[in-house]
Amino acid sequence: MNWAWIPANIGALIEATIDHIVLTAIAVGVGLAIAMVLSIVIHRDRRAYGPVTAVTGLLYTIPSLALFAFLVPITGLSLLTAEIGLVSYTLLILVRNIVAGLDSVPADVRETADGMGYTWGQRLWRVELPIALPLIVAGLRIATITTIGLVMVTALIGEGGLGQVMLRGFNFRNWAAVYAGAAITLALGIVVDLLLVWIGRRATPWAAARTR
Amino acid sequence: MSDQPVVRGHPAATIEFQHVTKRYDRVAASPGGPAAVEDLSLAVPAGRICVLVGPSGCGKTTSLKMVNRLIEPTSGRILIDGVDVASRDLTDLRRNIGYVIQQVGLFPHQTIEENVATVPRLLGWPTERRRERAAELLALVGLDPGAYARRYPAQLSGGERQRVGVARALAADPPIMLMDEPFGAVDPIVRTRLQDEFLRLQEDLAKTILFVTHDVDEAIKMGDLVAVMQVGGHLAQFGPPAEILAAPASEFVARFVGADRGLKRLSLTRVGDLDLRSPITARPGDDALAARARIQADPFPYLLLVDAEARPIGWLDQDEIDPAAALDAAAAIPTSPLLDRRMTLKDALSLLLDAGVQAGIVVDRHGATVGLLTVDDIAAQMRAPAGAPDEASAGEAR
């Protein structure tokens, strides 16, 4: 095993890591924006829940390779192709968690918000979404970890961040590269997860107050 | 709550229900089901507490929620200071009505201070003024702002949360408060304290309050006016609590207020409200013969020995008075409980029964004797001044 490969290619590894983070961040960011809109639509009209989860659930069940194979003829070997796939996989998790979060708002809280003269939008932004935050963050953690893993697969269509490193490692029997890619991905997952936990705690000091 | 200078600007408003009916259509309820509220008409004068009371399903909460339009009536009008609420801007209407519910509905993600300042924030008050107002109101409901302002609702007890709920409803000084079982979720001891504190607060605030409860005792205690409602949303009787207890308008009302309504009336009257009889008093050292002559002429043949400040020492029976000697404090029997003038007749009766005596001595703040109250006097109060319907249902209740 050629461990010397790692220090010699530290620049490339850093670059791949940044790529990996960017691909993940775009996917989760766009996914969160779309999921938020879908969840608010569902929150307004419950009848949308069935259709939305049916579609996002269907997207979730398509094997990633099959999805990329389907998209490549349309959008090419591109970042867009990769992101369409990655975003698709975040939606089911995020929508379910945001809706569950909004549902977790106690009925009496909603009633007093209305009774004190909140408009629908004020109630959503200032009351319901903040209270839903712990569950939204929980969904965000799962979606982010899943996406960090899935970004690997996009190496097959020319993206992939650390997935590229591993793919080339396999092709050239460079096991040091394979292990390095795997280890950094794992570390990335752990660090990002801890970061989200920390952000979540900072954003919801009241949730910790409960256990005091 | 505390005797802070009270923070009042808006005068109270009147509330009037005019033939208000609420029916839920076939989607929400079974077809042909009874109305939630049926042709409700009543008027609450400014600054008074009107309690809507009745069994569950009588439409009391529905009636309340039609005032701030959480529920829209099927027909009829509700007027606040003569203006139809349906014509008001919804958010503006609600921001001018305090709203307190049983589960309190505090925002778990906001501190107590932020919770209290909710409506001021909606109204766009500057931060500093909101903070001052929150502190002022927390003090008003008996919570130390220094200790509570930064806490979260989950860190408070049930009773403390209820207080915060009241403070929040008062934040923008609304002329009207709607209170739906506001003290329903706490234990009886805390409930009694919150009720007493709220009544004391209301003496200064003089808001117009619509108050919902299923508890007759709470209705009698809290209400200047009581509206007894029955299932189907009918108003069974509307009037001051004493009138409802003395003369129930129907068998339903009589049954709902309970067979013990004579006793309940006792909690509406305070000892000081009665014309108290004066005991025959004397001081130790007074002439025994003259004192005995005075009590022998009285139907209540006992002599009350009092000290120089008129504070009671004890009773002397006419047979125990030695006509040859001066009156002796050591011979007096101090059996009678002392009654405060502000005590309700119910509490006074309870003290007399506990002590196993016929009469209690009513004293003022300094302990000086002001009069005598007997079990018979209290019993006379229980008997209704009003005639027939009361006698009839009292007989039935036995």
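Which hand does the crossing of α7(A) and α9(A) have? The crossing of α7(A) and α9(A) is right-handed, where right-handed means that the near helix is turned clockwise from the far one by less than a right angle, and left-handed means anticlockwise.

## Ground rules

What you're looking at is a predicted model, where local features need pLDDT of at least 70, side-chain atom pairs count only at pLDDT 80 or more, and totals for chains, interfaces and linings use all residues. Residues are numbered from 1 along each chain as its sequence is written, while chains are lettered from A and ligands numbered from 1 in the order in which they are written.

Helices and strands here are DSSP runs, numbered from the N terminus (helices are H or I with at least four residues, strands are E with at least two).

## Helix α9 of chain A and its partners

Let's go back to that opening pair. The axes of helix α7 (residues 120-153) of chain A and α9(A) come within 10 Å and cross at roughly 165°; axes are lines fitted to C-alpha atoms, for helices over the stretch in contact, and angles run from 0 to 180 degrees between N-to-C directions. That angle makes α7(A) roughly antiparallel to α9(A) (under 35 degrees is roughly parallel, over 145 roughly antiparallel, 65 to 115 roughly perpendicular, and the rest oblique). On the α7(A) side, the residues in contact include A:L133, A:V137 and A:I148, and on the α9(A) side they include A:L188, A:V192 and A:A203. Two residues are in contact if their C-beta atoms, placed from the backbone, lie within 7 Å. The residues of this contact split into eleven nonpolar, four polar and two charged, with Ala, Val, Leu, Ile, Met, Phe, Trp, Tyr, Cys and Pro counted as nonpolar, Asp, Glu, Lys and Arg as charged, and the others, Gly among them, as polar.

Helix α2 (residues 10-44) of chain A also meets helix α9 (residues 175-203) of chain A: their axes come within 11 Å and cross at roughly 45°. These two helices are therefore oblique to each other, and α2(A) passes α9(A) in a right-handed crossing. A:L13, A:T17 and A:H20 of α2(A) make the contact with A:A180, A:I184 and A:L188 of α9(A). Four of the residues in this contact are nonpolar, two are polar and none is charged.

## A residue to look up: A:A177

Also in helix α9 of chain A sits A:A177. Is A:A177 buried or exposed? A:A177 counts as buried, because it has 26 C-beta neighbours inside 10 Å; the cut-offs are 20 or more other C-beta atoms within 10 Å of a residue's own for buried, 12 or fewer for exposed, and in between for partly exposed, with C-beta atoms placed from the backbone.

Leaving aside neighbours within four places in sequence, A:A177 is in contact with A:W5, A:V165, A:M166, A:R168 and A:G169. For a sense of scale along the chain, the C-alpha atoms of A:A177 and A:V197 are 20 residues apart in sequence and separated by 30 Å.

## Chain B at a glance

Over in chain B, there are 16 helices and 16 strands. Its C-alpha atoms fill a box of roughly 90 × 55 × 35 Å, taken along the principal axes. Chain B has 398 residues, and 40% of them count as buried. Take the contacts in chain B between residues at least 6 apart in sequence: 65% of these join residues at least 24 apart.

## Sheets and strands in chain B

Four strands of chain B form an open sheet in the order β2-β1-β4-β5, with antiparallel pairing; strands pair if DSSP finds at least two bridges between them. At the edges are β2 (37-44) and β5 (83-84) of chain B, each with a single partner strand, so one side of each has no neighbour in the sheet. Five bridges join strand β1 (residues 15-22) of chain B to β2(B), and B:F17 has B:L42 as its bridge partner in β2(B). Helix α1 (residues 60-67) of chain B packs on the sheet, where it touches β1, β2 and β4 (75-80) of chain B, and its direction makes about 120° with that of β1(B). B:I15 stands opposite B:I80 in β4(B) and opposite B:V44 in β2(B).

Elsewhere, strand β11 (residues 281-282) of chain B is joined to β12(B) by two bridges, and the two run parallel. B:A282 stands opposite B:L305 in β12(B). Four of the five residues of strand β12 (residues 302-306) of chain B are buried, so this strand is largely enclosed by the rest of the structure.

## Where the chains meet

19 residues of chain B are in contact with 18 residues of chain A. On the chain B side, α2 (90-95), β6 (97-101) and α4 (118-122) each supply at least two residues. That side of chain B divides into ten nonpolar, seven polar and two charged residues.
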